[in-house]
Structures are given as C-alpha cells and as structure tokens.
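Please open the model in a viewer and keep the selection panel at hand.

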Amino acid sequence: MSEQVLINKLPAPTFRWLKMNGSLVDEIPSDETDEVARFTKTGREQDEPLRIVVDFEGDKTNYPIEIEVEDESDGDIILNYLSEGDSVRRLQTAVELNIGKNSKVTMVQVQLLPKETELRNFIHANLADGASFELIQVVLSGGKTYIECTSELKGAKSRVHIEHAYLLRDSHDLDINYVANHYGKKTDSEMNVYGVMTEGTRKIFRGTIDFKKGCAGAVGNEKEDVLLLDDGVSNQTIPLILCAEEDVEGNHGASLGKLSEDVMFYLKSRGMSEEHIYQMMARARIEAVAALIKDEETRAIVIGGDRNIGKSN
Amino acid sequence: MAGTNEEKTYVEDIDRSIYDFRYDENNAYKVDEGLTPEIVRTISEEKNDPEWMRDFRLKSLEIFNNTEMVDWGPSIEGLDMNNIVTYVRPDTDRMQTDWEDVPEDIKDTFERLGIPQAERESLAGVGAQYDSELVYHNVRKDVEELGVIYTDIESAIHGEYADMIRDHFMKLVPPTDHKFAALHGAVWSGGSFVYVPPGVKVEIPLQSYFRLNAAGAGQFEHTLIIVDEGADLHFIEGCSAPKYNVANLHAGCVELYVRENAKLRYSTIENWSKNMYNLNTKRCKVEKGGKVEWVSGSFGSHVSYLYPMSILAGDGARAEFTGVTFAGEGQNLDTGTKVLHNAPNTSSYINTRSISKSGGISTFRSSVVVSEKAKGSKSAVSCQSLMLDDISRSDTIPAMDVHTGDVDIGHEARIGRISEDSVFYLMSRGLSEEEARALIVSGFADNVGKELPLEYAVEMNNLIRLEMKGSIG
C-alpha cells in the first residue's frame, strides 16, 4: 500500500473542520527510471515554442522536468495534457523552472483528459531580477486534477502572471493551489481564475500572495470569478494574503454564483433563452483566457472543443 | 515618500493606567491552581449546582482532557493550565443591586472604569463581574415591567427559568466544539441570562462588564440571551484587566438565540491586558426573518482566538459583522467571524478592519459556509488591513465553502500602508505626523465606531489614540 502525502498545502492553515488545508493523496513514488527531462533556452529568438509531450498511453507515471531559461532570454513552452483513452491513469508532472535575469517565459497548458484520469501538475518557478513568468492554463475535462504553481519572486522586479480558466463537467474534481512568494523589491504577482461549474463537480481554489519581509514596493492581486450553473456543486475558495512588509499593496476579489438578475433580464429582453445565455457566458469565460494563447494549434484545441456547456436541467 | 521613515520621531509608549490598576485579593476565596475533577467538584459545590450541571461539568472536563490543542493559529505555549486558578470568589457576601452595597475596592474599580456612570446615563441594565463572580446586577424598573429578564445566570439555573436554561445551555456551543469550549463547560462561573419577550423592543442597551483582578486567574463567564419573536435588543459587553507578568485566561462563552423576526445587536469592546489569553467562543442562531448584528472591537490580550459565529437557520435570516482589531507590541490577535447559511434567502455582510503596529500580529480568519439548503442566499465579505510599520504582520485567511449554485457570494480584501499622500495632506493642514496618522487610523476603524453608542465610540477612539502614541519611532 502506498504512502499518503499532503499536497497542495496552504502556507498558513486554517480551521481544520473546513478540510481545506491540503489534499491527502497516495504518493506517486519516483524511481531511477524517471529520467529528468532537461531543456535550456538561450537568447530572445524563438521560431517555435518548446513543446513537451506527456504520454498518457504508456506506463510512465512520473515526469520530472527541468527548464533553464538563461539571462536575457525569452521562451514559450507548451505542455498540454491531451488524451482520449479510457484506461484509468494516474500521472504526475513536476516542472522546475529557473528564469534568469530579465528573461520572459510564457507557459501554456491545456487539459482535455478522460474522467478516469488523475493528473498532478506541479510547477515550481524561480525568478531572478527582472524575470517574468506568464502561465496560461485551461482545464476542459478530466477526473481528478491537482494543480500547483509556486513562484519564488526572489529577484527584484520579477513578476508572475497566471490566467486560468476551467470548465468542470462529469464529476470532475479540480484542486488548485497557487502561491506567489514575494522576496524581492517591487515584485509583482497576478492570479486570475475564471471558472464554470456544473452539477456534481467539485473545486477548491487556494491562492496565496505572501509578502515576505524586505519586498518593499511589491504588489499582488488575485481574482476569482466562478459561474455556478447548477446546484449539486461543491465550491471552495480560500484566497490568502500574508504580509510581513509594510510597503506593499495586496488585493483580492472573488465572485461566486449564478448570473446576476440584471444581466439575465437584459439578455432575455434581447430574445435569448436562459439556456443560451448561460452557454454564452460560460464560453466567454473560457475563450477570454484562450484568446491569450498565441500558439494557433493549442488555441484551436480550446476553441474547437465540445462547447455544449449549458445547465444540467 | 522617500525619506519619511528616517524622519520618524520617538514618542513615549502608551499610558494604560486607566485600566492597569489592581487591588489586593484580600480574603478572596480561590481554588487550587490546575484542573482536576476535585477542583471541578469544588466549583460545582460552591455554585450549589443541580445534579445535571455537576455531571455536565465533569463530562466537559473529560472532553477537555481528550481533545487535542489547535495547531493552526497563534502559539499558546505560554498558557499552562497547571498554573491557572479557575475560580476566584471576591470577598463579597452576594451579588448586589445597589452600588453602595458593593465592597469599596470593587465599587471603586468599576467607578474608575465608568460603569456606574454609564448605567446612570445611558443603560437599561448592568451586570458587573469581578473575577469569577457577578458582584452587581440591576435592570431598570421600566424595562423589567416589559417582561424583560436580565439576571445572573446562576440564579436563573435555580429559579423559575431553570428549564429554559437547561434547554439552551451549551447547546449552540457544545463542549465537544473545541478544547476551550470543553474547559468552559467544566469551570464556567458567572455571566448573565437575558430573555426579551415577544414584540418587546428594549430601547436602551443592556451591558455586562467583566473585570479580572487576580493574577494567574481565569474568567469563564457564560452569557445566554434569548430574543423572542419580533423583539429587539442591543447588548454591550466590555472587559479589562490589569497587566501581570503571569498569564491570565479568558474562556467565556456567549450563546445567542434570535427568534423569528427578532433583532439582536451584540457589541463588544475587548480591552484585556496584554498578558491575557483570550479564547472566547460566541455563537448566534437566527430564525426566520431574524437578524443579528455583531459589532466587535478587539484591542487587548496577548493572544486572541475570537470568531463570533452566526447560524442562519431560517428563511430570510440575516447576519452582519462589523469588526476592528488592533494588534500592538507583544500581541498576536487571530480574529474574524464565521457564518453558516443553512436556509433559503439568507444573507450575511462582513466588514472588518485590522491594524498592526510595533511588531503586533493581526490575522483575519473567516469562513462562509453555504449549504445546499441555502438557495437564494447572498454574502459579501470585505476585509481591509493596515500595516503601520515593517516589523508587524498582517494575514488574511478567508474561506468560502459553497454547496449550491443559486447564490451570490462576493469577497474582497486589501492590505497596505497608510497613504503618505494622506499624511502629507493632513500635516499641511497643521497636524503633527502623529496626529495625522492617528486620525487616519481612527477613520480606518470608523466601520465599528459608527455602529457603537457614542460613549463607546469615544472609548474606542481613545483606545486607538493611546495605541497610536509611539506609532512613529
């Protein structure tokens, strides 16, 4: 029997009865056959993004990946999770990303997985002075999905910006943990999460902005907007702002629920049915994030996917 | 603005002598330090408890011994129950209804705190607790004639309200709730019982004031309030203690019942001394159409765990929480609120401010839980935090747990420092930097100030001004 580990831990725990302090899962053991995939990017020219492929059809369960982006370099990375198979799979990727001085990395991840799949998607980013990390994640289907992104903003004026959209259907269980650790002066973090949930789905979003002592001038913003299409959902949100430094600015906003009556009234008065309104609004949330994806091939996966998003009843 | 930090000047630390006085514990009766079944039985005998209460205390002690300590909040390592005296009876024959009959030192204590004056000028009734016992309790005749009951809870247990007490005592906050609820169940002493009959509006507030005089002691008062259908009450509680070098403990319990279409405002200005461990539990159940308003100012204590909770159990029930927490040197104040939406069309509004200074740690911690029964419910949470220097800490940990789609939940949080532009503006109008910062902080805490009766708002602003002396240095 495998050991259990606590993943997606809250940096500052809260009331135990809420059961939001972390997720207890079976450990996916690593072994010597888990070769670390290493990539290095130098320079600002980029003809093609770095495409990392994860094989869901094989037996491999652990994908450790190291990406080094040297000083004064740019890099686009695409790491999609795509599979149409129906075998039960559990798989983990762990990306260690080091971004050098004044370098910029954009990583795109689109997930379209069958509901028998458990995916653990871990990212740990270290940012030097002036470094910038943009993460675009779109989750469209899956069984159990754990996502964690921890950004260490060690360098002055380093920056992390996350845009995430999810559409939860078919009992999909999504567990997100974003942490931005501000160490350097004038660092910047932004996390925007847009979601749509239907009957029988479950989601927890943990977002932490942690201003460490010494990060004067730092700014952190997090926002979550969740559209609940049905009853029978379990939606948990816990946005943390932790602060040990005076000269900072931290903001958080969250909005959860159905569409406002004003919006419904306006659109119905234009002749739209309620079903159509919800489809349109749900699609808008997903496509707003998809529009940020520069790679046409990846963008097409999102835009062209199954779009029947309507309410369950 | 660059250079502002270097220009800060030193100001003397605050003068708390208004609260920081004490009297010798002459002839006070105390149980031994620590917590044993024998001590619990002794307290029960002192109280002449009915059998059910004695058994309840002993069962609570068992629960306390078998419950683990919390591990998610401020450290309470400095609290050793073996060194806490759980019962101190002051040297007074019995509870009085006339201040002139209260022993001189105790009466003087409350005079210095302004309680008799407040009673004369602006209150419908007062309960004053000194260490473990209520020493004074009185309610205005015209309020009594409305059928309002405001009495000490220990008399109520033995008298005509015995069944009502038994039906409600520690049902909202059972001993199994957490370790210090169990402790309270075992050693509780003193506190008030209030009942407001249907349709009665009590125009002027009732107040309880808790004063802990003995060093190394605990205070475990129990407040039970029932506001019956269509009734309306404002209840105020205040507290203070002199500062000692040893730990004191406050593990009180407040249970509030707001029946259909009734309204209760519960206001607290907490100003315990900075050696106090304040592990208080407050909970309110609101029935259909009812409303509870919490107004909470937390300024004292060394460590606080304080999260007044509202259970919205009836259609259209509402809760509002307005709070300010000021954590200064040596303080770790973990405060906030909890709301459970468990019926349709319920609503909650939470508006809090927290301030950290001189190494103080302030944590806002909340939970909004919306069950599948709470269709059509709304909740809005706003928490703002102000850091006054770079040696303090401020954390915001709000949680939302929603189990139905038919809701409207919004949350916002902000953290930052005093705007230097605002300070500059006020200084250009002739204020000193210290006065400017104090004014800004008072304005920041205005969400609570404007909800309190004038006298208490003045006290709160005085507390802020006292805390702000020494804020530049």
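## Aromatic pairs

This is a predicted model, and over all its chains the count of aromatic pairs comes to 15. Select A:Tyr178 and A:Phe205 for one such pair: the ring centres lie 6.0 Å apart and the planes stand at 75 degrees, so the arrangement is edge-to-face. A:Tyr178 belongs to strand E14 (residues 173-182) of chain A, and A:Phe205 to strand E16 (residues 202-211) of chain A. The pair thus links distant parts of the chain, 27 residues apart.

## Salt bridges

Next, turn to charged side chains. Over all chains, a search of the whole structure finds 42 salt bridges. Select A:Asp74 and A:Arg44, which form a salt bridge with their closest N and O atoms 2.6 Å apart. This pair also links distant parts of the chain, its members being 30 residues apart. A:Asp74 is in strand E6 (residues 74-79) of chain A, whereas A:Arg44 sits in the loop between strand E3 (37-41) and strand E4 (50-52) of chain A.

## The interface of chain B and chain A

Display both chains and select the residues in contact: 43 of chain B touch 41 of chain A. The size of an interface is often given as the accessible area lost when the parts come together. Here chain B and chain A bury about 3500 Å² between them, with 50% of that area on carbon and sulfur atoms.

How many salt bridges are counted between chain B and chain A? The count is six. For a salt bridge between the two chains, select B:Lys375 and A:Asp231, whose side chains meet at 2.8 Å, N to O.

Which elements give two or more residues to the side of chain B that touches chain A? They are strand E22 (361-370), strand E24 (393-402) and strand E25 (407-417) of chain B. E25(B) supplies the largest share of that side, 11 residues.

## Strands paired between chains

Finally, select strand E18 (residues 234-243) of chain A together with E24(B). These strands run antiparallel and are joined by six bridges. To examine a bridge directly, select A:Gln236, whose bridge partner in E24(B) is B:Asp401.

Note on methods:
Residues numbered from 1 in each chain as written. Chains lettered and ligands numbered in written order. Predicted model: local features only at pLDDT ≥ 70, side-chain atom pairs only at ≥ 80, totals over all residues. Heavy atoms only, no water. Contact = heavy atoms within 4.5 Å. Buried area = accessible area lost by both parts, 1.4 Å probe. Salt bridge = Lys/Arg side-chain N within 4 Å of Asp/Glu carboxyl O. Helix = DSSP H or I, 4+ residues; strand = E, 2+ residues; numbered from the N terminus. Pairing = 2+ DSSP bridges. Phe/Tyr/Trp six-rings, centres within 6.5 Å; stacked < 30°, edge-to-face > 60°.
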